Every structure is written in structure tokens, then in C-alpha cells.
Amino acid sequence: MATMKTIALLAADTELAQSLEQLLEGLPEETRFQHAQEDLREIQRNQPDILILGSAHHETAIETVQQFLTLNPSTVIFYVSERSDFYGMREMMRVGAADYFVLPDEYPLLESALEKTVRLLNQQEQAAVPSFKKGRGKVLAFYSGKGGSGTTLLAASFAQTLRLESTARVLLIDLNMQYGGAEYYLGLESVRSLADLQPVIEEVNEGHLRNVAQTEKYSGLEVLLSPRDAEMAEQLNDEFVAKLLRASRLSYDYIILDLPSNMNAINLAALEEADRIYYVMNLDTPSLRTYKSVESLFLRLNLHLEDRLEILINKKSRENEITIQDIKSLVEQPISVELIRDERNVQKAVNMGEPLRKEVNEKKLVPLAREIRKWVAAVIE
Ligand SMILES: Nc1ncnc2c1ncn2[C@@H]1O[C@H](COP(=O)(O)OP(=O)(O)O)[C@@H](O)[C@H]1O
Ligand SMILES: [Mg+2]
């Protein structure tokens, strides 16, 4: 069955907006219409299938189209105007608008273009084999306020396992801009880094991402490594990260983020964008105390966590200072998984420059890898 198609309308002129709304009400049932919004960013977040843009100023409209398509390259944009302007029209098509209509004369043309597009989008959707909907990749962020908890190891192993155990397209992004770390657990050499995307970030697309990402050989997991360079890191800001993540969502089903412990603008942008945050914790008092201060920081920063943050207990062993029960009584968020401390095998893999996993359905898995596999299976269910 075809899913609903969304049409967004952005028109500053209220008269124009009203007549367009009327037109939209008459469209086929499988079309959902997002009411006229002034806020372009809000519309962008909603990733509409079609955008109708009405504006009297061609220059600003051209900019809007360019900007919109950078973040939502699959949106079909129709530009409507009350005056016919050949040069404006040509320019509009050049930057990627699908069509241009002069109103009111061309209302019937716009109407049939909309119907045709909805039909085409439905056909494309039915023809597409993968069960994951393009453009809706999930962002899962791994974070801990306390360094050394196992955030990087778990982010890397989760991503690698997810890639091995499913058909999903998975991208791991190491946002520890200064020091990196993901390469260490995956046996990768950092030849290219996500800083290579900086020059093209305004129009970053799947091709760029694939060119810069390095592939982990056993699983096919793609990894955007950190520049591991303080100076370079300074040039990459929160806006860069927001654009990178939106583009990644269009090309991958899962985007796994490894975040550094210190709170900065990049971390914040990533946490804001994340569909889920896995907070890594060990069973000791410093971990608990750090969690509490992170929680109140998030609250002050107005980062909403309800339904989004889950706890990962890592390095569980007989010698732990506090128990799971202690955590449960002091922390509100749910515990997603409990993972054991497996010093010997983790160290061995790292020393050999190998990831924890090597193949699908592996028989001889080390205990930690087995636990991660079980957890990943439950997450993607
Ligand atoms: N479950 C585990 N068992 C054994 N060692 C672990 C485990 N998780 C993490 N480690 C080790 O703990 C150290 C810190 O891990 P890392 O992933 O770099 O933490 P973070 O990214 O939170 O700073 C590393 O030496 C890593 O190998
Ligand atoms: Mg780390």
C-alpha cells in the first residue's frame, strides 16, 4: 500500500496561500497537506515529499530552493509566482526546482502536476525493494559524561554488528574531533576524515559521503573517521554536524554517533538531532555522579530526553562497586542492556588491530560480542 505523501506550502502572500490551500484540499486522499507554515526550518525538518513555494522575489526564492534541496534533496519543489519571468524561471529550474507555474492562469497545470507527482512517488515507492524508507535513517548517539566508560568501543561494535546482522546500510561517525578513537577498535587506518567533507558541506550528498567514509573489511560498515586534529576540529561547527547528519539520513538506514565526553556545540547539535541516545555507564559511584550532573545539564540546556535516552551498563563484573538495583533506584531512564567486562578479549582484539566481529552467524564469539549481538537483534526487531 502507498503511504501518505506530504505536501508543504510556503507562501508569504496570504491571498496566494489561501487559494493554494483550496487547491490542495481537492487532491487525492493519499496526500496529506501540511498547513502553510512561515518557518522554513520547521518544514525542512518534516521532510515533505513536495514543497510548493510561492514568492514574489525571485532572488530570495532561488536561494530558498538551493538551501532546501541541500538538506532535502528528494523533495520535489514547485515554484509559483504571479508574474511570468523567463530568466527567473530558467534560473529556478537550474537550481533544481521541478517546475514553475504562473498563477492564476496555470492553476489547472499545477493541479495536474501535483497529482502526477503523487502518483509517481507512489510507484517509485512500490518498486523500491529495501524495506527501509529512504530519507528516514535513524540517528543513534552513544554518549557518556565520563571518559573511559566504553562509549567508543560500544558505538563501534554496535555499528559493526548491526551491519553484519542486517541488510541495513550503516554509517558510523566519530565525532571525537580532536582525538578520534573509532579506528582503534575497528582496525582502520585514518587516511580520510570527515573534515574532507567541509568544502562540500553545503551540497553534501551520498557520493561525497561514500568517498570519504572508510569501509571496515569484515562487515562493510562505513566509517567517517575523526580528523584527530585540534586545529581542523575548530573549523567544524554545529552547523556542519547538522548538515552532515541530515545528508546521512538520506543515504543510510542507521547512523551511529560516537561522541566525546566533554560537552560542546558539536555534541549538542548531535544530541539534538539523535533519535536515540545511549548513555554508557559503569557500575561505580563516579559514573553515577557524572550521570546525575549530565542529566541536570541536559535539563538546563532544554534537551528533551524523555523516550530518547536509554542507559547502557558496561563493564559489569563481580567486583563492581554498585549494583544494577542501585542504578534502577536512582536513575529514571530505562536500561537498554547490561554488558560484561571482558578485558582479555577486548585487549586481544585491539592489540591485533581487529574488530570484535568477523562474519555473519559467527560460531565462536567472545562473550561480550555475543551479548552485543543479542542486544542488536532486539533493537532492530
Ligand atoms: N566491556 C568491556 N570490557 C573490557 N574492556 C572494556 C569494555 N568496554 C570498554 N573497555 C575498555 O575500556 C577503555 C575505555 O573504552 P572507550 O570505549 O575508549 O571509552 P570512552 O569512549 O567512553 O572513553 C578501553 O581500554 C576499552 O578497551
Ligand atoms: Mg570515546
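1. In this predicted model, helix α6 passes α15 in a right-handed crossing. The axes of α6 and of α15, which covers residues 367-380, come within 9 Å and cross at roughly 65°.

2. On the α6 side of this contact are Leu153, Leu154, Ser157, Phe158, Thr161, Leu162 and Glu165, and they meet Leu368, Ile372, Arg373, Trp375, Val376, Val379 and Ile380 of α15.

3. Which element gives the largest share of the shell around ligand 1? That share, three residues, comes from α6, while α6 (151-165), β12 (309-316) and α14 (343-352) each supply at least two residues of the shell.

4. There are 16 residues around ligand 1, and those that come nearest are Gly148, Thr152, Leu153, Ile340 and Asp342; Leu153 also belongs to the α6 residues that meet α15. The shell around ligand 1 is made up of five nonpolar, seven polar and four charged residues.

5. A backbone N or O atom of Gly148 lies 2.7 Å from an oxygen atom of the ligand, and an N or O atom in the side chain of Tyr185 is 3.0 Å from an oxygen atom of ligand 1, whereas a polar backbone atom of Asp342 is 2.8 Å from a nitrogen atom of ligand 1. Ligand 1 exposes 560 Å² when taken alone, and the protein buries 82% of that.

Methods
Residues numbered from 1 in each chain as written. Chains lettered and ligands numbered in written order. Predicted model: local features only at pLDDT ≥ 70, side-chain atom pairs only at ≥ 80, totals over all residues. Heavy atoms only, no water. Near = heavy atom within 4 Å. Polar contact = N/O pair within 3.5 Å; in protein donor to acceptor, adjacent residues only side chain to side chain. Areas by Shrake-Rupley, 256 points an atom, 1.4 Å probe, with all protein chains shown as cover. Helix = DSSP H or I, 4+ residues; strand = E, 2+ residues; numbered from the N terminus. Nonpolar A, V, L, I, M, F, W, Y, C, P; charged D, E, K, R; others polar. Axes fitted to C-alpha atoms, helices over the stretch in contact; angles between N-to-C directions. Left-handed = near helix turned anticlockwise from the far one by under 90°. Contact = heavy atoms within 4.5 Å.
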